[in-house]
Amino acid sequence: MAKKIRVLVAKVGLDGHDRGAKVVAAALRDAGMEVIYTGLRKTPDMIVEAAIQEDVDAIGVSILSGAHMTIFPRIMNLMKEKGLADVLLFGGGIIPDKDKEELSRLGIGELFTPGASTHSIVEYIEQWTAEHRN
């Protein structure tokens, strides 16, 4: 039996709007993935520590606060420091295209904006994992 894909879904900072994160978490679970939802108001350090403890394949971060240009690079740097270079960091929220391009150059995976289908998120994680899993 193939190992299930494990995904940590996180809300960061003071952003208290978690409906989208919960919808994505449920869709990933319904697609057969193991999902760990951190809840609200987590720091980048807490997210990376949880990813280590849960041995995840991917970290999905939902940001609606506008802090994406600070939060995503901080999480990515912590992941590199902690040896999680083989874990996908992806996310979603209100993120302008020019910021998405810059974050992509930093190594952050796909960033899904409002209206993205949960099917496309599931497919993206499945494809990335198939290509990068040992």
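Guide: Contact means heavy atoms within 4.5 Å. The model above is predicted, so that local features need pLDDT of at least 70 and side-chain atom pairs count only at pLDDT 80 or more, while totals for chains, interfaces and linings use all residues. Residues are numbered from 1 along each chain as its sequence is written, and side-chain values use heavy atoms, with hydrogens and water left out.

Visitor: Which residues does Asp57 touch, not counting residues up to four places away in sequence?
Guide: Asp57 sits in the loop between α2 and β3, where helices (H or I, at least four residues) and strands (E, at least two) are DSSP runs numbered from the N terminus. Once the residues up to four places away in sequence are set aside, Asp57 touches Lys3, Lys4, Ile5, Arg6, Asp86, Val87, Leu88, Trp128 and Arg133.

Visitor: Is Asp57 buried or exposed?
Guide: Buried means under 20% relative accessible area and exposed means over 50%, with partly exposed in between (1.4 Å probe, protein chains only). Because Asp57 has 10% relative accessibility, it counts as buried.

Visitor: What distance separates the C-alpha atoms of Asp57 and Leu8?
Guide: Asp57 and Leu8 stand 49 residues apart along the chain.

Visitor: How far apart in space are Glu34 and Ile94, C-alpha to C-alpha?
Guide: Glu34 lies in strand β2, and it is partly exposed because its relative accessible area is 32%. Apart from neighbours within four places in sequence, Glu34 is in contact with Lys4, Ile5, Arg6 and Val7. Ile94 is 60 residues from Glu34 in sequence, and the C-alpha to C-alpha distance between Glu34 and Ile94 is 26 Å.

Visitor: Which element gives the largest share of the lining of the largest pocket?
Guide: A pocket, on a 1 Å grid over the protein atoms alone, is an open set of points where a 1.4 Å probe fits, with protein on both sides within 12 Å along at least five of seven lines, and lining residues have an atom within 4 Å of a point. About 400 Å³ of space lies in the largest pocket, a volume being the space filled by probe spheres set on the points. Of its 24 lining residues, Gly20, Ala21, Val24, Ser62 and Gly92 are the closest to the centre, and the elements that give two or more residues are β1 (6-11), α1 (19-30), β3, β4 (88-93) and α5. The largest share, five residues, belongs to α1.

Visitor: How many residues of the lining of the largest pocket are charged?
Guide: Asp, Glu, Lys and Arg count as charged, Ala, Val, Leu, Ile, Met, Phe, Trp, Tyr, Cys and Pro as nonpolar, and the others, Gly among them, as polar. In the lining of the largest pocket, eleven residues are nonpolar and ten are polar, while the number of charged residues is three.

Visitor: With which residues is Ser62 in contact, leaving aside its neighbours within four places in sequence?
Guide: Ser62 has its place in strand β3 (residues 58-63), and it is buried because its relative accessible area is 13%. Beyond its neighbours within four places in sequence, Ser62 is in contact with Ala10, Lys11, Val12, Asp15, Ala21 and Gly92.

Visitor: Which element gives the largest share of the lining of the second largest pocket?
Guide: The second largest pocket holds about 250 Å³ of space, and of the 15 residues that line it, the closest to its centre are Lys3, Val56, Asp57, Asp86 and Val87. The elements that give two or more residues to this lining are α2 (44-54) and α5. By class, six residues of the lining are nonpolar, four are polar and five are charged. The largest share, three residues, comes from α5.

Visitor: What is the angle between the planes of Phe112 and Tyr124?
Guide: Rings of Phe, Tyr and Trp (its six-membered ring) pair if their centres lie within 6.5 Å, and planes under 30 degrees apart count as stacked, over 60 as edge-to-face and the rest as tilted. A search of the whole structure finds one aromatic pair, formed by Phe112 and Tyr124 with 5.8 Å centre to centre. This pair links distant parts of the chain, since Phe112 lies in strand β5 (residues 111-112) and Tyr124 in helix α5 (residues 118-132), twelve residues apart. The pair is edge-to-face, and the angle between its planes is 70°.
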